[in-house]
Amino acid sequence: MKNSALPRILPFLLFMGAIGLEEVVRYLNGGGVVLFPLENLPYLYPLRALLAAGALFAYRRHFEEIRLRDLGKPLHTLASVALGLIVFLLWIRMDWTWGAAGAPAGFDPTVFDDQNIRAAMVALRITGAVLVVPIMEELFWRSFVIRYIVNPEFTSVPVGLFTWGSFLITTLLFGLEHHYILAGMMAGAL
């Protein structure tokens with residue numbers, strides 16, 4: 001089990017660890033312990049995406065649940081794209097403050113004066129948000145956690161097996177991972 005779990009946990013752990021590092025730097029800087037200019041924090045985003053992408057790439061042979069040939073099934077592909085669009089449309093409309101855990105800082109590309117750096121940071125941000133984060137989260141939440149809740153020997157649980165307990169727990173935890181908790185729960189449920 002441990003050999004199967006690590007490839008699904010490590011990319012997520014590295015990504016979240018990089019977020020934690022940013023928050024620690026922000027906290028220590030605010031207390032005067034570390035003097036790291038806050039305007040340099042946006043440069044740490046590529047670290048998150050690259051660490052997770054590197055782990056995903058290193059473990060790519062372990063992800064038997066990801067099969068490009070599945071894209072050849074038109075109904076599956078269409079359903080996946082449609083569901084992704086629905087989540088996107090709902091997500092951008094669910095920025096209610098009563099369902100939020102703090103205010104997300106957001107990404108402001110105008111903090112980069114150099115046009116080349118700005119373009120590179122935007123490209124890295126989009127690549128991370130569109131390619132790295134969804135794959136990393138799906139492997140962690142849908143391939144590992146939801147099955148682990150059913151049985152700690154999670155590889156014995158077929159991908160896609162539905163149980164109310166694993167669905168509800170994973171949906172709640174996925175929501176708590178996001179600033180907008182209710183939007184995260186909606187996306188996790190869908």
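## Helix packing and the nonpolar core: worked exercises

In this predicted model, the axes of helix α5 (residues 164–176) and helix α6 (residues 181–189) come within 7 Å and cross at roughly 140°.

**Exercise 1.** Classify the orientation of α5 and α6, and state which residues make the contact.

*Solution.* The angle between the axes is roughly 140°. Angles over 145 degrees count as roughly antiparallel and 65 to 115 as roughly perpendicular, the rest of this range being oblique. The two helices α5 and α6 are therefore oblique to each other. Their crossing is right-handed. From α5, the contact involves F167, T171, L172, F174, G175 and L176; from α6, I181, G184, M185, A187, G188 and A189 take part. Sorted by class, the contact of α5 with α6 holds eight nonpolar, four polar and no charged residues.

**Exercise 2.** Describe the packing of α2 and α4.

*Solution.* The axes of α2 and α4 lie 9 Å apart, at an angle of about 45°. That makes α2 oblique to α4. The crossing of α2 and α4 is left-handed. Y45, P46, A49, A52, A53 and L56 of α2 meet residues of α4 including M121, R125, V132 and M136. By class, this contact of α2 with α4 has 13 nonpolar, one polar and one charged residues.

**Exercise 3.** Identify which residues of the largest nonpolar core touch the most other members.

*Solution.* Of its 24 residues, these are F15, L56, M136, F140, W141 and F144. Two or more core residues come from each of α1 (2–30), α2 (45–58), α4 (115–150) and α6. The most, eight residues, come from α4. Leaving aside residues up to four places away in sequence, M136 touches P11, F12, F15, A52 and L56.

Key:
Residues numbered from 1 in each chain as written. Predicted model: local features only at pLDDT ≥ 70, side-chain atom pairs only at ≥ 80, totals over all residues. Heavy atoms only, no water. Axes fitted to C-alpha atoms, helices over the stretch in contact; angles between N-to-C directions. Helix = DSSP H or I, 4+ residues; strand = E, 2+ residues; numbered from the N terminus. Parallel < 35°, antiparallel > 145°, perpendicular 65-115°, else oblique. Left-handed = near helix turned anticlockwise from the far one by under 90°. Contact = heavy atoms within 4.5 Å. Nonpolar A, V, L, I, M, F, W, Y, C, P; charged D, E, K, R; others polar. Core = buried A, V, L, I, M, F, W, Y, C linked by side-chain atoms within 4.5 Å. Buried < 20%, exposed > 50% of the residue type's maximum accessible area, 1.4 Å probe, protein only.
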